[in-house]
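Please read it alongside the sequence and the coordinates.

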Amino acid sequence: MYRSATAIYRGFVPRAAYSLRVGSLSPLNLSSVSPARKISVFASLSAAQHDPSSTPSPKNDTASRWKPTCLYHTHGMCTMLDDPAHLEKFSHNYADEFRVNVSEFTNKVAQELDYFLVLDLEGKVEILEFPVVLVDAETAEVLDLFHRFVRPSKMSEQRINEYIEGKYGKLGVDRVWHDTAIPFEEVIQQFEVWLTQHHLWGKEMGGHLNRAAFVTCGNWDVKTKIPQQCNVSKMKLPSYFMEWINLKDVYLNFYKRRATGMMTMMRELQIPLMGSHHLGIDDAKNITRVLQRMLADGARLQITARRNSPENVEFLFKNRIR
Ligand SMILES: [Zn+2]
C-alpha cells in the first residue's frame with residue numbers, strides 16, 4: 001500500500017521538490033537497519049593551518065553535489081529506492097556529503113576517545129528531532145547516522161500541528177515529521193539498540209559509553225534539554241548523558257578564538273553551510289564538518305563538562321564560552 005506525500009524541502013543548495021510515496025506506517029523493523037560499515041568518505045580538508053582565516057576557501061564540488069537527504073530513509077522508511085527520479089532528487093548515502101582526505105591530516109594528533117557522537121537536538125518546548133552522527137576519532141570518517149523525529153508527549157494534537165507547521169513547515173519537512181515522529185521514550189529505546197549494534201554502549205559497560213562521547217555545539221542539548229525531556233516523558237535520565245564535549249569550548253582553546261555558534265565556526269573555517277539551518281539532521285552534519293576540520297587541524301577533543309549530580313554540572317575547561 002502506498003500513499004502519496006508531497007512537501008517542499010528547501011535546501012540552501014539546491015532547492016528541490018520533496019515528493020514521494022511512503023509505505024504504510026508500520027513500526028520500524030530494527031533488524032533491517034544495517035550495522036555501520038566503514039565507508040570511504042572524504043574531502044579536501046586543509047590540515048596545514050591552525051589559523052582558520054588563512055585556510056583557502058574550499059571551492060569544492062561537495063556543495064554542488066549536495067542534495068537534500070531523504071528523511072524517510074533516515075527513519076528506515078523510504079519505499080522509493082527503486083525510483084531513479086527519487087534517487088536523483090534525494091540523497092540516500094550520507095557518505096557523499098562528507099569528503100575528507102585522510103592523507104591531508106598532517107597535523108593529526110592522537111585522540112583519547114575512539115568515537116564521537118555529534119548530537120544536535122531541535123525543539124524548545126519539547127524535543128522534536130534527535131539526530132546523531134557517528135564519527136571515527138582516528139580517521140574523522142562518518143560511520144553512521146541515527147535520526148528520529150520526536151513526537152511531544154504533553155501537547156494536544158492541535159498544539160503539535162501548530163508547533164510543527166511553525167518549526168518545520170517552512171523547511172518543507174512537516175509531512176515527513178508527521179509520518180515518522182515517535183515518542184521520546186521510543187526514540188531512546190531505538191537509539192540504545194543502535195548504540196549497542198555499534199558496540200558503543202551496553203549494560204556490561206556499566207552504562208557508560210565505550211570510548212565515545214557526545215559532541216554538541218553548546219551545553220544546552222545534554223545539560224538542559226535531555227534532562228527536561230526525561231522529566232516530561234517520566235523517564236530516568238540515561239546514564240550515558242553524564243558527560244559531553246562542547247565543541248565551542250574546544251574551538252576556543254584550540255584556535256584561541258571565540259565562536260558563539262555553529263555558523264560562526266563554519267564562517268571562520270570557511271566551511272560552506274549545507275542543507276537547512278535548524279533542521280537538526282543538517283545542523284548535526286554541519287557540526288560534523290566543523291569537527292572533521294578540527295581533527296584535521298590537530299585539535300584534541302576532550303570532555304568539557306560532566307554531570308556530578310542531577311543539579312551539578314562541572315565544567316572542565318578554564319577558558320570556555322559562557
Ligand atoms: Zn527515499
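Two strands are said to pair if DSSP finds at least two bridges between them. Helices (H or I, at least four residues) and strands (E, at least two) are DSSP runs, numbered from the N terminus. This is a predicted model, in which local features need pLDDT of at least 70 and side-chain atom pairs count only at pLDDT 80 or more, whereas totals for chains, interfaces and linings use all residues. Residues are numbered from 1 along each chain as its sequence is written.

The chain holds 10 helices and 12 strands. Of its 322 residues, 40% are buried; a residue is buried if 20 or more other C-beta atoms lie within 10 Å of its own, exposed if 12 or fewer, and partly exposed in between, with C-beta atoms placed from the backbone. Two residues are in contact if their C-beta atoms, placed from the backbone, lie within 7 Å. Among the contacts with a separation of 6 or more, 70% are made by residues 24 or more positions apart.

Eight strands form an open sheet with mixed pairing, in the order β8-β7-β6-β5-β9-β10-β11-β12. Because β8 and β12 (313-315) stand at the edges and each has a single partner strand, one side of each is left without a neighbour in the sheet.

Strand β7 (residues 142-151) has eight of its 10 residues buried, and it is therefore largely enclosed by the rest of the structure. Its antiparallel partner β6 (residues 129-136) is joined to it by seven bridges, and Leu-134 stands opposite Asp-144 in β7. The two strands form a hairpin with five residues between them, and in the turn Ala-140 has a positive phi of about 65°. With strand β8 (residues 182-183), β7 pairs in the parallel sense over two bridges; here Arg-151 stands opposite Pro-183 in β8.

Elsewhere in the sheet, β9 and β10 run parallel and are joined by three bridges, with Thr-216 opposite Asn-246 in β10. Helix α7 (residues 220-232) packs on the sheet, where it touches β5 (115-119), β9, β10, β11 (305-307) and β12, and its direction makes about 90° with that of β9. Helix α8 also packs on the sheet, touching β9 and β10, and its direction makes about 50° with that of β10. For such values, axes are lines fitted to C-alpha atoms, for helices over the stretch in contact, and angles run from 0 to 180 degrees between N-to-C directions.

Which residues of helix α8 (residues 247-255) are buried? They are Leu-247, Lys-248, Asp-249, Val-250 and Tyr-251. The cover over the buried residues of α8 includes β9 (212-216), β10 (243-246), α9 (262-269) and α10 (280-297).

The packing of α8 with α10 has an angle of about 30°, with the axes 12 Å apart. Their crossing is left-handed, a term used if the near helix is turned anticlockwise from the far one by less than a right angle, with right-handed used if it is turned clockwise. In this contact, α8 contributes Leu-247, Val-250, Tyr-251 and Phe-254, while α10 contributes Ile-287, Val-290, Leu-291 and Met-294. By class, eight of these residues are nonpolar, with no polar and no charged residues; Ala, Val, Leu, Ile, Met, Phe, Trp, Tyr, Cys and Pro count as nonpolar, Asp, Glu, Lys and Arg as charged, and the others, Gly among them, as polar.

Helices α9 and α10 pack at an angle of about 45°, with their axes 10 Å apart. This makes α9 oblique to α10, since angles under 35 degrees count as roughly parallel, over 145 as roughly antiparallel, 65 to 115 as roughly perpendicular and the rest as oblique. The crossing of α9 and α10 is left-handed. Met-262, Met-265, Met-266 and Leu-269 of α9 make the contact with Asp-283, Asn-286, Ile-287, Val-290 and Arg-293 of α10. By class, the contact of α9 with α10 has six nonpolar, one polar and two charged residues.

Two loop residues complete the picture. Lys-256 lies in the loop between α8 and α9 and has a positive phi of about 60° although it is not a glycine. Lys-256 counts as exposed because it has 10 C-beta neighbours inside 10 Å. His-278 lies in the loop between α9 and α10, and its phi, near 80°, is a positive value in a residue other than glycine. With 14 other C-beta atoms within 10 Å, His-278 is partly exposed.
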